[in-house]
Amino acid sequence: MRRGGPRGCRTPIRLAALAGVLSSVLALGPSPAASASPPVTATSCPSPLSGAQYAAPGGTTPTVALTFDDGPGASTLAILHILQAYNVRASFFNIGENEAQSPAAVIAEAQDGFVINDHSWSHPFLTGLSPSAELGQIAAVGSQQRALVGSSPCGLRPPYGAYNQTTLADAHSLSMSTWMWDVDTQDWMAEGSGSTAWVNHIVSLAESEGGALAHPLVLMHNQTIAMPATVAALPIIIQYFRAHHYRFVDLLGRSAPLDACPAGSPSFPNAATLWSSARTLGPGASLVSPDGQYRLTQWSGGSLVVSAAGSPTWFTPTAHHPGARARVLPSGYFVVQSTTGRILWQSSAGHRGDHLAFGDDGSLRLESGGHVWWRRNVAATSLSAGGVLRPGWSITSDNGACRLEVSPAGQILLQSAAYGTLWASPGPVAAHSSAVLERNGELVLVAPGGAATWVSASTGLSARLTLDPVGRAVVETPSGHWIWSTP
């Protein structure tokens with residue numbers, strides 16, 4: 001029976017039998033018998049915490065972290081469905097062998113926005129292995145996860161909770177924090193039973209142990225066998241902590257709901273260049289947004305175009321009218337007129353006395369007296385190979401609810417308008433750095449002097465970077481294959 005830690009370690013384990021599994025790893029997964037010193041690839045993980053962690057991330061308000069060991073398994077999809085229904089974050093500690101057997105479940109966990117962590121390749125006592133074998137057990141899971149979903153595990157939970165300084169050092173070298181638990185539901189002991197007695201036992205432990213803590217870190221399981229008692233207990237546990245005003249977090253400290261980039265999210269504040277009805281934009285003339293990322297230009301062929309870094313993000317269908325001009329009419333409508341004054345294109349709304357605002361998020365809007373009569377969101381929604389994000393610049397999700405930006409301090413930040421910062425680039429930063437999506441698909445943070453201070457290691461030709469609804473930046477190939485993502 002696979003276990004998460006020594007508190008419930010009452011089933012004898014044959015280490016020789018487990019070690020034998022290493023010789024029959026499926027082709028999908030790398031061998032844990034790899035080099036004792038695998039290269040440490042760049043990661044989207046934050047700096048690893050020092051020592052083993054026994055409590056959920058949190059501050060002054062109560063938080064709870066739900067964690068699931070030993071998956072993916074027979075009940076994975078049922079667990080995901082419940083977490084999605086309640087819109088709460090959770091973290092999974094997967095076994096490499098099980099991931100190799102059920103890659104679709106791993107992809108589902110990632111696509112639904114959950115944190116996927118490392119629970120070793122074949123669930124041995126790591127402290128009983130040689131240093132090279134221990135490192136191989138840990139590193140192999142990360143290699144496989146990157147191949148499946150494009151992100152690295154940011155956390156390690158040693159099987160049976162058995163670790164030593166070597167384990168901590170190995171995790172740290174791979175940019176992982178080591179996570180234990182302080183609430184044990186003992187759900188593994190049900191051994192596939194879905195009886196009411198087992199459901200009550202699991203719920204009772206979660207409530208009695210977790211309810212006494214400010215930041216409970218709850219251990220549950222997701223084994224290869226069906227776990228009906230765990231599935232039945234999970235909604236009750238969620239409702240208990242929610243009723244007691246706990247905030248659900250994953251082990252990256254994120255508490256935003258799974259729809260971190262929701263439709264209808266409040267928009268980001270932004271400055272704007274104002275343009276009154278007295279001004280006309282003629283062929284070749286342009287306006288620049290306050291941060292310099294966007295340019296509004298009247299092309300000589302007649303089209304009015306908004307562009308970011310030289311690439312059009314929006315244009316009017318007036319290309320075959322050389323000499324056309326753009327202006328705001330006294331009536332408030334924003335129009336493109338031919339050389340004879342004929343209106344070739346106009347905004348869908350307007351009001352007398354309006355002015356045009358060209359925002360640093362790439363938006364165009366007609367407004368007067370504090371009221372917006374017409375708006376066109378034309379922000380860049382992806383970063384193509386060779387594209388650059390300079391300090392203050394950003395790309396947004398399709399609905400404008402999330403954005404990836406480079407701060408003046410030099411960090412890449414993934415922001416949700418509704419829930420704040422979702423991710424920040426790890427490691428040292430240099431002020432006034434820029435983010436560059438290289439032509440090989442790597443997202444690189446480049447200091448003003450030209451030195452690369454962080455690299456995503458997402459090599460893939462002709463890649464592009466976009467934001468998805470659950471609040472991640474994703475580098476993908478033209479065919480849609482993920483090659484790297486933030487957690």
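**Disulfides, strands and a helix in a predicted model**

Counted along the chain, the bonded cysteines follow the pattern 1-2, 3-4.

**The link of Cys45 and Cys154**
- Cys45 and Cys154 form a disulfide in which the sulfur atoms are 2.0 Å apart, and the link is left-handed, with -90 degrees about the S-S bond.
- Because Cys45 lies in the loop between helix 1 (15–21) and strand 1 (52–53), while Cys154 lies in the loop between helix 5 and strand 5 (155–156), the pair ties together parts that are 109 residues apart in sequence.
- Cys45 has a relative accessible area of 2% and is buried, and Cys154, at 9% relative accessibility, also counts as buried.

**The link of Cys261 and Cys402**
- A disulfide joins Cys261 to Cys402, with an S to S distance of 2.0 Å, and because the torsion about its S-S bond is about -100 degrees, this disulfide is left-handed.
- The pair links distant parts of the chain, 141 residues apart, with Cys261 in the loop between strand 9 (247–248) and strand 10 and Cys402 in strand 25 (residues 402–406).
- Both Cys261 and Cys402 are buried.

**Helix 5**
- The 19 residues of helix 5 (residues 131–149) should span 27 Å at 1.5 Å a residue, which agrees with the 28 Å between its end C-alpha atoms.
- Gly150, which follows helix 5, has a positive phi near 80 degrees.

**Strand 17 and its two hairpins**
- Strand 16 (residues 325–328) pairs with strand 17 in the antiparallel sense over 4 bridges, and Val328 has Phe334 in strand 17 as its bridge partner.
- The hairpin of strand 16 and strand 17 has 5 residues between the strands, and Gly332 takes a positive phi near 105 degrees there.
- Strand 17 also pairs with strand 18 (residues 343–346), in the antiparallel sense over 3 bridges, with Val335 opposite Gln346 in strand 18.
- In the hairpin of strand 17 and strand 18, which has 5 residues between the strands, Gly341 in the turn has a positive phi of about 95 degrees.
- Strand 17 (residues 334–337) is covered on both faces, with Phe334 and Val336 buried on one side and Val335 and Gln337 buried on the other.

- An open sheet of 4 strands has the order 10-19-20-21 and antiparallel pairing, and its edge strands, strand 10 (272–275) and strand 21 (371–376), each pair on one side only.
- Neighbouring strands of this sheet are turned by 25 degrees against each other on average, direction ignored.
- Strand 10 is joined to strand 19 (residues 355–359) by 4 bridges, the two running antiparallel, and Trp275 has Leu356 in strand 19 as its bridge partner.

Technical notes: Residues are numbered from 1 along each chain as its sequence is written. This is a predicted model: local features need pLDDT of at least 70, side-chain atom pairs count only at pLDDT 80 or more; totals for chains, interfaces and linings use all residues. Side-chain values use heavy atoms; hydrogens and water are left out. The expected span of a helix is 1.5 Å times one less than its number of residues. Buried means under 20% relative accessible area, exposed over 50%, partly exposed in between (1.4 Å probe, protein chains only). Two strands pair if DSSP finds at least two bridges between them. Axes are lines fitted to C-alpha atoms, for helices over the stretch in contact, and angles run from 0 to 180 degrees between N-to-C directions. A disulfide is a pair of cysteine sulfur atoms within 2.5 Å.
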